[in-house]
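The following exercises are to be worked through with the sequence and the coordinates at hand.

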Amino acid sequence: MAKLKLALYWASSCGGCEIAQLQIGDKILKLAEVADIVFWPVAIDAKYKDVEAMPEKSIDVCLFNGAIRTSEQEHMAKMLREKSKVLIAYGACAYGGGIPGLGNMFNRELIFERAYLETPSTDNKEKVLPQTKCKVPEGELTLPEFYDTVKTLGQTVDIDYVIPGCPPEARTTWLALEALIEGKLPPKGTVITHNAKAVCDDCPKKRDVKKVKKFYRTFEIMPDPEICLLEQGLLCAGIATRGGCEAPCPQANMPCTGCYGPVDGVIDQGAHFLSAVASVIDSNDPDEIQRIIDGIYDPVGTFYRYSLPDSLLRRAKIK
Amino acid sequence: MNFEPKIVGFCCNWCSYRGADLAGTARMKCSPNVRIIRVMCSGRVEPTFVVKAFELGADGVLVLGCHAGDCHYSEGNYKTMRRMPLLKKMLAQMGIEEERVRLDWVSASEGDRFVSIVDDMTAKVRALGPFKNNSKEAKHG
């Protein structure tokens, strides 16, 4: 049997997905037996022009991590879609927009202003901002265009599967790779995890009645390690997040932040999480309810931590 | 051309929808801008419904339920009372003006109250102008 041709690419992401891919450990040797890596900017020396020269659908599988923020990333997403038989959105950024997706609370102008003019460590007296083209004595220099709005991979090109997580757990990565190697692929569009139910299904903490009088941020309390974190007033997204990760965060007493994305059937993870959080507020008095809600400092960043570009509204309205 | 806002109104079956019905049978004059969707209880109105209405082009969303203590299902409207303020806080962060989302209580006998809430909200949303739907705009570039 001919070896599988595998490509890996990164777009708007932090590099954590590459580490996660290596975390499959010695299974990587098994992968090397059956697959050749033809493109992987972080590890091997193949250039864009090498990919361009490949015939259509000549790559068997492409694991694409990162959201789409610039024209270069959009170009590469389209090119890798054309060259790959199976394109997989790998990780929370490619799937839902991820942390870079929170940039949709702003636009290019506001982001440039902050990053290149306002930050205390910036020394930019001429107020130079990135340009797509710039003339220098040696000729013209170009940069990719920085878009106003971050998109997911699935909003940019057609995708076949999703491997969720920030970053994906090694077991989730291997579950997908094993299915690929054995040729036992699930139906198109599947989000590949061990558990399609919520993270709570993986979580061993005791659950009783959810009645909350005050929400806490993680540094404000020492939670009881035996009891459900949401019941203790921590904004744990487990209730609105797909499982399969084995709930490592709640088990370390840190609330789930929702990186595996929504459970099946939910179209907007943030609104779903918001609904669950509001339902546990223990009060029938509008003023007290408002006081309890005032203790939730950043609703968008909490409820849409990894999924703002994939939400129904996609981005904030900038006046 | 004058802007006429489109407002989606979720009315609970037992109080608010009956209140709207009373306003109609009593021939009370009322702004025609609210498109009513009857739900069994205001507690049925998931935050997703409200967000979806905006995504599909609504300029405002009105949620009406029974007065506190009057819920046909005992405490459905208390759930709404907890959800909507949190949703409003989040939508404000997303740049959606506060007046575009309103939660209020109308009983089956308060046809006049239904009319005054609808008229008041219509006027406020009309003054704000159309809600530009971001998701349709979110092209690259």
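The exercises below treat the sheets, the contact between the chains and some backbone details.

This is a predicted model, in which local features need pLDDT of at least 70 and side-chain atom pairs count only at pLDDT 80 or more, while totals for chains, interfaces and linings use all residues. Residues are numbered from 1 along each chain as its sequence is written, and chains are lettered from A and ligands numbered from 1 in the order in which they are written.

**Exercise 1. Determine the strand order of the open sheet in chain A, and identify its edge strands.**

Step 1. Helices (H or I, at least four residues) and strands (E, at least two) are DSSP runs, numbered from the N terminus. Two strands pair if DSSP finds at least two bridges between them.

Step 2. Five strands of chain A give the order 2-1-3-5-9, with parallel pairing. Strand 3 (residues 59-65) and strand 5 (residues 84-90) of chain A, for instance, are joined by six bridges. Within this pair, A:Cys62 has A:Leu87 as its bridge partner.

Step 3. Strand 2 (35-39) and strand 9 (161-163) of chain A each have a single partner strand, so one side of each is left without a neighbour in the sheet.

Step 4. Axes are lines fitted to C-alpha atoms, for helices over the stretch in contact, and angles run from 0 to 180 degrees between N-to-C directions. With direction ignored, neighbouring strands of this sheet are turned by 30° against each other on average.

Step 5. Residues are in contact if their C-beta atoms, placed from the backbone, lie within 7 Å. Helix 7 (residues 170-182) of chain A packs on the sheet and touches strand 3, strand 5 and strand 9 of chain A. The direction of helix 7 makes about 145° with that of strand 9 of chain A.

**Exercise 2. Characterise the contact between the chains and the packing of helix 10 of chain A on helix 3 of chain B.**

Step 1. Chain A contributes 31 residues to the contact and chain B contributes 28 residues. On the side of chain A that touches chain B, helix 9 (269-279) gives the most, with seven residues.

Step 2. Ala, Val, Leu, Ile, Met, Phe, Trp, Tyr, Cys and Pro count as nonpolar, Asp, Glu, Lys and Arg as charged, and the others, Gly among them, as polar. The side of chain A that touches chain B divides into 18 nonpolar, six polar and seven charged residues.

Step 3. Helix 10 of chain A and helix 3 (residues 76-93) of chain B pack at an angle of about 45°, with axes 10 Å apart. This makes helix 10 of chain A oblique to helix 3 of chain B (angles under 35 degrees count as roughly parallel, over 145 as roughly antiparallel, 65 to 115 as roughly perpendicular and the rest as oblique).

Step 4. The residues making this contact are A:Pro286, A:Ile289, A:Gln290 and A:Ile293 of helix 10 of chain A, and B:Met81, B:Arg82, B:Pro85, B:Leu86 and B:Lys89 of helix 3 of chain B. They divide into six nonpolar, one polar and two charged.

**Exercise 3. Locate A:Lys57 and A:Asn253, and state whether each is buried, partly exposed or exposed.**

Step 1. Most residues other than glycine have a negative phi, and most peptide bonds are trans.

Step 2. A:Lys57 lies in the loop between helix 3 (48-53) and strand 3 of chain A. A:Asn253 lies in the loop between helix 8 (248-251) and helix 9 of chain A.

Step 3. A residue is buried if 20 or more other C-beta atoms lie within 10 Å of its own, exposed if 12 or fewer, and partly exposed in between, with C-beta atoms placed from the backbone. A:Lys57 counts as exposed because it has 11 C-beta neighbours inside 10 Å. A:Asn253 is partly exposed, since 16 other C-beta atoms lie within 10 Å.

Note on methods:
Two residues are in contact if their C-beta atoms, placed from the backbone, lie within 7 Å.
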